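Me: I have a model open and want to go through some of its local details. Can you take my questions one at a time?

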Amino acid sequence: MTVTLAVVGAGNRGSTYAGYALRHPERARVVAVADPRPAHRTALADAHGVAASASFESWQDLAARPRLADAVVLATPDREHAEPAVRLADLGYHILLEKPIAPSEAECHAVAAAAERTGVLLAVCHVLRYTRYTDAVKRYVDSGALGRIVGVEHLEPVGWWHFAHSYVRGNWRRAEDSSSSLLAKCCHDLDWLRYVVDDTPTRVSSVGALHHFHPDNRPRGAADRCLDCRVESTCPYSAARFYRACLADPDRHQWPLAVVTRDLTEEGVDAALRDGPYGRCVYGGGNDVADHQSVTVSFAGGATATLTMSAFTPGGHRRTRIMGTHGYLEGDGEQVAVTDFVTGETVTTDTRGGGADAGSGHGGGDMALMAAFVEAVATGDRSRMRSGPQESLDSHRMAFAAERSRLAGGAPVALAPAGTTPSAAS
């Protein structure tokens, strides 16, 4: 069976997931696209041979028609997830939903409830579950090689340029327009911890802030735009230096450069930096999400896990340390090293599966996720997916609790039992 797909949101993520159909046309085919931006809509439609009659200016236009595909890839902006997800579920579309589910807890529950009510498959894009690295970590944990897990340390090294691109200049710079940076960037890290520890989270605490990217740290002589700035050459966050360098690196053309401009020439980049959001000074204000945050999660069985998200790192794979009663695991996304406490020996496993960022496919997670989703739709076997709506809700509930804790100065927040609606939770 060839699974037919509609793509709602033809930006970077929607185009990436749709790319699975170009690699495996015998398994999946894109038959409809919806996006209000003509250039993005046309580019995806042309790449997949989508008929003009199935190319729509909005998800509402798609939803006004009888169901056109088996499933939908929903990759709209964060605040435009819940309404189309519920409506398209009602129409019978199976849904691959880019994370986060939605920026509010009530909307997240509404989307999960819609999937349960209609019986459609709802898969949130927790791509970290589908990497070779995760497979190796999970295999060691489940085999008992580490004994009982006591503690986990997990680092999401966002990277100085990535944070400036996405969370200072980009679409996720303001919580009211998208969500907290923790939810936007790390709901799948929290999901990963939940998956690896394989236990119910019961309490969350968090500290963090917007430490650096605000007007108080603006260098003397800095201009509103990098192209006009006298101190640009010594600024770590120079848009001119970074995006011009991306032109010389084909691996960065799709992401992040194509997010800035579709004219991949020096003139096109400079024009975008002159007029668009990606050329603004990172100290100009207008962004309000935390740039460094730490979260501690307590699990029902006694294990604790810490997650640190930081802008102030080189970009790259997540780093993980797992402390068990019989062994110790340390991983960097490319290798997993396990020390056995009985023998004292350390065994290292190679887990390389590609680069860590969106342009590199998240260590192979993007295409592995799509393969599992397409197979699940084709066969009706939902076990092909490594998480369902309730597991995804757990990760989001942790993120919302962490943000409440952060805003309350780090006070612990107890998590209500799974399945409890936000109105009933304390």
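Me: What kind of model is it, and what are the ground rules?

Reply: This is a predicted model: local features need pLDDT of at least 70, side-chain atom pairs count only at pLDDT 80 or more, and totals for chains, interfaces and linings use all residues. Residues are numbered from 1 along each chain as its sequence is written, and side-chain values use heavy atoms, with hydrogens and water left out.

Me: How many disulfides does the structure hold?

Reply: It holds 0 disulfides, a disulfide being a pair of cysteine sulfur atoms within 2.5 Å.

Me: Are Cys 108 and Cys 125 buried or exposed?

Reply: Cys 108 is buried at 1% relative accessible area, and Cys 125 is buried at 2%. Buried means under 20% relative accessible area, exposed over 50%, and partly exposed in between, with a 1.4 Å probe and protein chains only.

Me: Switching to helices. At what angle do α1 and α2 pack?

Reply: Helix α1 (residues 12-23) and helix α2 (residues 38-48) pack at about 10°, and their axes are 10 Å apart. Therefore α1 is roughly parallel to α2. Angles under 35 degrees count as roughly parallel, over 145 as roughly antiparallel, 65 to 115 as roughly perpendicular, and the rest as oblique. The α1 side of the contact is Gly 14, Ser 15, Ala 18, Gly 19, Ala 21 and Leu 22, and the α2 side is Leu 44, Ala 47 and His 48.

Me: How are helices, axes and contacts defined?

Reply: Helices (H or I, at least four residues) and strands (E, at least two) are DSSP runs, numbered from the N terminus. Axes are lines fitted to C-alpha atoms, for helices over the stretch in contact, and angles run from 0 to 180 degrees between N-to-C directions. Contact means heavy atoms within 4.5 Å.

Me: What about α9 and α10?

Reply: The axes of α9 (residues 239-247) and α10 (residues 253-260) come within 10 Å and cross at roughly 125°, which means α9 is oblique to α10. Phe 242, Tyr 243, Cys 246 and Leu 247 of α9 make the contact with His 253, Pro 256, Leu 257 and Val 260 of α10.

Me: Where is Leu 264?

Reply: Leu 264 is in the loop between α10 and α11 (266-275). Its relative accessible area is 35%, so it is partly exposed. Leaving out residues up to four places away in sequence, Leu 264 touches Leu 247, His 253 and Leu 257. Leu 264 and Leu 247 are 17 residues apart in sequence, with their C-alpha atoms 6.9 Å apart.

Me: Where is Ser 405, and is it buried or exposed?

Reply: Ser 405 is in helix α13 (residues 389-407) and is buried, with a relative accessible area of 0%. Beyond four places in sequence, the residues that Ser 405 touches include Val 204, Ser 205 and Ser 206.

Me: Last one: what does the side chain of Thr 349 make a polar contact with?

Reply: The side chain of Tyr 140, at 2.8 Å. A polar contact is a pair of N or O atoms within 3.5 Å; within protein, one must be able to donate a hydrogen and the other to accept it, and residues adjacent in sequence count only if both atoms are side-chain atoms. Thr 349 is in strand β14 (residues 346-350).
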